[in-house]
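Please keep the sequence and the structure in view while reading.

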Amino acid sequence: MIDGFVALYIFMLAAFTGYEIIARVPVILHTPLMSGSNFVHGIVLVGAMVALGHADGPLDIAIGFIAVVLAAGNAVGGYVVTERMLEMFKSSRPGGANGEKG
Amino acid sequence: MIDGFVALYIFMLAAFTGYEIIARVPVILHTPLMSGSNFVHGIVLVGAMVALGHADGPLDIAIGFIAVVLAAGNAVGGYVVTERMLEMFKSSRPGGANGEKG
Amino acid sequence: MHADVLTRWLPEAIRACYLIAALLFILGLKRMSSPRTARGGVVWAGVGMLLAVLATLLLPGMHHLGLIVLGIAVAGGLAWWSGKRVAMTDMPQMVALYNGMGGGAAAAIGVFELVGAARVAAMGGVDAMAPAALVLAVLGVLIGAVSFSGSLIAFAKLQGWMDRRFVFPGQQVFNVLILLLAVVLGGVLIFAPPAMAVIAGFLLAALAFGLLMTLPIGGADMPVVISLYNALTGLAVAFEGFVLQNEAMIIAGTVVGAAGTLLTQLMAKAMNRSLGNVLFGSFGAAAGEAQAIDGAQKEIEAPDAAVMMAYAERVVIVPGYGMAVAQAQHKIWEFAHQLIERGVKVRFAIHPVAGRMPGHMNVLLAEAGVPYDLIVDMEDVNPEFPNTDVVLVIGANDVVNPVAKTDPASPIYGMPVLDVVAAKQAIVIKRGRGKGFAGIENALFYADNTRMLFGDGQAMAAQLVSELKSLDA
Amino acid sequence: MHADVLTRWLPEAIRACYLIAALLFILGLKRMSSPRTARGGVVWAGVGMLLAVLATLLLPGMHHLGLIVLGIAVAGGLAWWSGKRVAMTDMPQMVALYNGMGGGAAAAIGVFELVGAARVAAMGGVDAMAPAALVLAVLGVLIGAVSFSGSLIAFAKLQGWMDRRFVFPGQQVFNVLILLLAVVLGGVLIFAPPAMAVIAGFLLAALAFGLLMTLPIGGADMPVVISLYNALTGLAVAFEGFVLQNEAMIIAGTVVGAAGTLLTQLMAKAMNRSLGNVLFGSFGAAAGEAQAIDGAQKEIEAPDAAVMMAYAERVVIVPGYGMAVAQAQHKIWEFAHQLIERGVKVRFAIHPVAGRMPGHMNVLLAEAGVPYDLIVDMEDVNPEFPNTDVVLVIGANDVVNPVAKTDPASPIYGMPVLDVVAAKQAIVIKRGRGKGFAGIENALFYADNTRMLFGDGQAMAAQLVSELKSLDA
Ligand SMILES: NC(=O)c1ccc[n+]([C@@H]2O[C@H](COP(=O)([O-])OP(=O)(O)OC[C@H]3O[C@@H](n4cnc5c(N)ncnc54)[C@H](OP(=O)(O)O)[C@@H]3O)[C@@H](O)[C@H]2O)c1
Ligand SMILES: NC(=O)c1ccc[n+]([C@@H]2O[C@H](COP(=O)([O-])OP(=O)(O)OC[C@H]3O[C@@H](n4cnc5c(N)ncnc54)[C@H](OP(=O)(O)O)[C@@H]3O)[C@@H](O)[C@H]2O)c1
């Protein structure tokens, strides 16, 4: 069980982590990273599955199914698009020696 | 209450946070930062106070008192030393325009 | 006995999967923020997602498994298919679409919980949800619904389905009133026993606000807005994660919420604007009368331009939004490649806000196969223009406009620009006298050492390619 | 009724204080990692600490409040006094001392809990502690105790109370056996009902291991070792925080644990060594026979040196460990200041591992009042040496030794050094022919354009100052 305070701690630390991860990103990666984080919140699919899995009656099932469908679109679409964008980042020198430059 | 899993989450996130904070530190600040983080774990004083505050019998009191004394030394000494070290970082230009340079 | 052991270790194992998934998400995002490791990052995050989804299927007490799998398969399949076949230049609207779906899912989960609480309340039960959970469920619905309808509008605009900016007098006041309505209805849900009608009204008000708020924003500002909605969806997911007591959702959602907020600011900053200006302001409201530009534009023909560059020592190519419109990136790279083979030192100079989304040009050039070590940033290339023989500007306008430095009355005054005007020669490919995003005249086009090569970007690049070939024949 | 309200809101308010404290710690550390904001950072963290301690005093059900306040006042007062009066150069050992105390406190808390559990067990009770708490309590005692005794040895060594490295054959095997003993006793505490005798044995074994592990490490490696123990104390605090269910301790401890681990690695890396090498290896075990150095050292007298610098255009001053020994920083800054007033462009070049702790020279120069924008890093200054008229080396040796670049057999081969040998002229202040930390000959001292100014650093700097003055008289 996560009570309110523990949730606040987790919020605080996760927010720091998210902030620091982005703090050094080069402009070139802004759009792929937006897409990548869009994929990550596709984890909402897990919540949608739990909702539909505990649905009780037609209204519940309808709402739960909508949630699953939307969430699956988020997760799968987010992955495909991010993967396609990032696939294109390659260096002309094989080792990618220039990799950090961005 | 924090159960094992929640504790693991907090460990994980706090570790990320700590790591990212340090990742960009210039060499010039290594020693003050070591001292500063030494001060921060002086928070053990809180735990020592709780222990002594719930001590029951002479052995408990003795252990608790030792904990409080040691922890207070950590917290207060850590603060003073860090403060003295960092006090000396000043720029010749008042605005500290060169501040980020390290 | 066997079943007993299963139910005991299973939930722990599933929580462990969630923990690992959260870890993989963070590590994946970390890798995605450096070009060298970016490709691997999304795979790490993908493995985390797979793990979390599979673990959830095993959760004890789950019903409707068939329906769940069906929903995932159908929606996932469609998303996969659409994501695979969309053109590179249409990526931003796809991100908007998928992001909106995530926001909608978070809102749906919140509605699901509220409906359940309403059912308990209708049967005379009290306190179906803990206060903190109730508050966060309501907030999650509000934010998720705004992100849902707002992202769909952003998608429609970028897709070209809605060209106009819908503006009417008193619009901002009206929007604020709708938001207030949503907040009040949300408050009613929190402080009174939840009722179905209130839930429906609340959801509708939230959806309406997202829609109305996004309508007046111009299509070109959409990348920033999408990034904002991305952060909001993250937050909504985190809130609903608390309601469901799911740590992976809380952590992934919060990380995205914080990362997205910073990213939104960085994007707005790269465009030299504030977030408030993007959301509520309008671009181009300049302080005074812009200075008039003297002189005339001097034309050049493709054969001459090709020869000029073929015999130059250093050439810098500056792509802009017009290259994206013309889909000229492949032809331009073909041309650059030919120059390189002739011994010319060619580099691509990318302005941070060239195009219509951050990294737009990088993505296009990468698609065409331009290795990213030929691409230089603005700060690195600006001092080198005086030593550059020819700069080829293709479809860029605002980002090479010297008035940003010289004319305080210009709406883009203060924005850092590529110093093309300092080069020995500049050749500008564009279709005609069309203005750029900021809608102002460009002094570069009138400069003495600039030649205009009028025509569609792709056609002109193709012509340059064939001219070069004929040089060798 | 009143008391009832109190007990209801009080624990919540206290937890809120802990939350704010944790936030302030993180923000404070973040500020401390940038020179511009560093000073404020420690104050932020200090406010957090104060808040947490005051809140804890209000915790319901606390006994022995007088004793608590007494302990804090006495120990805190002593620590304040000692921290205030210690010399800047003695800071590292004070950090070691205070860090050891923290580790000891964490260990004491763990022992406190284990003793309580043992008492319950002795009275026939079972499971006084949850398994996870028990494991972490034991781990916290182990790590905290090692950090405690290890840090005290580090303190004693740096304080000059123990000069020798205590080495005996089979030492490492013996140390491993002691560690194994501690681990086994810890395991007994976890898997059997805890007993007093086992607790005592476990604690003693852990203390002995920290002591034995630190004894063979040379004094100059101590900064890295202290940083390691600092990280360990953080970890121990986090573990005991879990046992006490105190979130502030968990978070602050873990943050310090992670930050300290990275910092330890950065420090070792700056010295061009691995952590394993610091802990278990010995410096100077070179691969082959070092190359002999030809030539002779050429002396110079202070008046000539002063004149040379007074009429130079650019002077770079390179301080090293000898400046710290001689406490010459104030005199050197006085001298530099005079040069600056004469129009000479003076800068201080600091090698990352000059001195005996990271940032050693920065701290000393800052103490003397040298503004930090006169201080340049190795990477920035190295390309400029060929344009530098005179380099004044004071008490530095290894960090300016060109054999690090030229002689693969040298123990410092591969370490980046200050390229003083490339300057037009170098003047080296040292007492005689003493070697540096690495114990090797320095080719710079034999170079054609180097002059040796033999004498104690402080005395020589003072002489340079008075020579300069007499130039003007
Ligand atoms: N990157 C971002 O995130 C972002 C987001 C929103 C807004 N913006 C803004 O967008 C602007 C970007 O500047 P920019 O220089 O890239 O583009 P721009 O200033 O919008 O100029 C684009 C130019 O391309 C030409 N063009 C259009 N279609 C063409 C075609 N088919 N072939 C050849 N030329 C064509 C147009 O002239 P013709 O009509 O004469 O051909 C136009 O002058 C900046 O003002 C920036 O602030 C950027
Ligand atoms: N910074 C760190 O974190 C750290 C930690 C541990 C080890 N180390 C190591 O320490 C070394 C540091 O290099 P360094 O160049 O700073 O120092 P160094 O190589 O140790 O040389 C110091 C020199 O100062 C001279 N000296 C001593 N007392 C003096 C006095 N009173 N007046 C004038 N000169 C005096 C000595 O020569 P005389 O005896 O002839 O005067 C000696 O050659 C490196 O090898 C580094 O790896 C650094």
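## Chain C and chain A

Between chain C and chain A the count is one salt bridge, a term that stands for a side-chain nitrogen of Lys or Arg within 4 Å of a carboxyl oxygen of Asp or Glu. In this salt bridge the side chains of C:Arg119 and A:Asp60 meet, with 2.7 Å from N to O. The model is a predicted one, in which local features need pLDDT of at least 70 and side-chain atom pairs count only at pLDDT 80 or more, while totals for chains, interfaces and linings use all residues. Residues are numbered from 1 along each chain as its sequence is written, chains are lettered from A and ligands numbered from 1 in the order in which they are written, and side-chain values use heavy atoms, with hydrogens and water left out.

To the contact between these two chains, chain C brings 99 residues and chain A brings 84 residues, where contact means heavy atoms within 4.5 Å. The area buried between chain C and chain A is about 8500 Å², and carbon and sulfur atoms give 78% of that area; buried area is the accessible area, found with a 1.4 Å probe, that two parts lose on being put together, summed over both.

## Chain C and chain B

Chain C also touches chain B, with 13 residues of chain C in contact with nine residues of chain B. About 1000 Å² is buried between them, of which carbon and sulfur atoms give 77%. Across this interface the rule finds one salt bridge, and B:Glu20 forms a salt bridge with C:Lys30 in which the closest N and O atoms are 2.5 Å apart.

## A salt bridge within chain C

Over all chains, the count comes to 16 salt bridges. One of them joins the side chains of C:Glu334 and C:Lys469, at 3.8 Å from N to O. Because C:Glu334 lies in helix H13 (residues 329-341) of chain C and C:Lys469 in helix H17 (residues 457-472) of chain C, the pair ties together parts that are 135 residues apart in sequence. Helices (H or I, at least four residues) are DSSP runs, numbered from the N terminus.

## Helix pairs in chain C

Helix H4 (residues 91-122) and helix H5 (residues 131-158) of chain C pack at an angle of about 155°, with their axes 7 Å apart. Axes are lines fitted to C-alpha atoms, for helices over the stretch in contact, and angles run from 0 to 180 degrees between N-to-C directions. H4(C) and H5(C) are therefore roughly antiparallel to each other, a label for angles over 145 degrees. The residues of their contact divide into 18 nonpolar, 10 polar and no charged; here Ala, Val, Leu, Ile, Met, Phe, Trp, Tyr, Cys and Pro count as nonpolar, Asp, Glu, Lys and Arg as charged, and the others, Gly among them, as polar.

The contact is made by C:Gly210, C:Met213 and C:Thr214 of H7(C) together with C:Met222, C:Val225 and C:Tyr229 of H8(C). These residues divide into four nonpolar, two polar and no charged.

## A helix pair in chain D

In chain D, helix H4 (residues 91-122) and helix H7 (residues 196-214) pack at an angle of about 160°, with their axes 9 Å apart, and H4(D) is therefore roughly antiparallel to H7(D). D:Val111, D:Leu114, D:Val115 and D:Ala118 of H4(D) make the contact with D:Met196, D:Ile199 and D:Leu203 of H7(D). The residues of this contact divide into seven nonpolar, no polar and no charged.

Methods
Helices (H or I, at least four residues) and strands (E, at least two) are DSSP runs, numbered from the N terminus. Angles under 35 degrees count as roughly parallel, over 145 as roughly antiparallel, 65 to 115 as roughly perpendicular and the rest as oblique.
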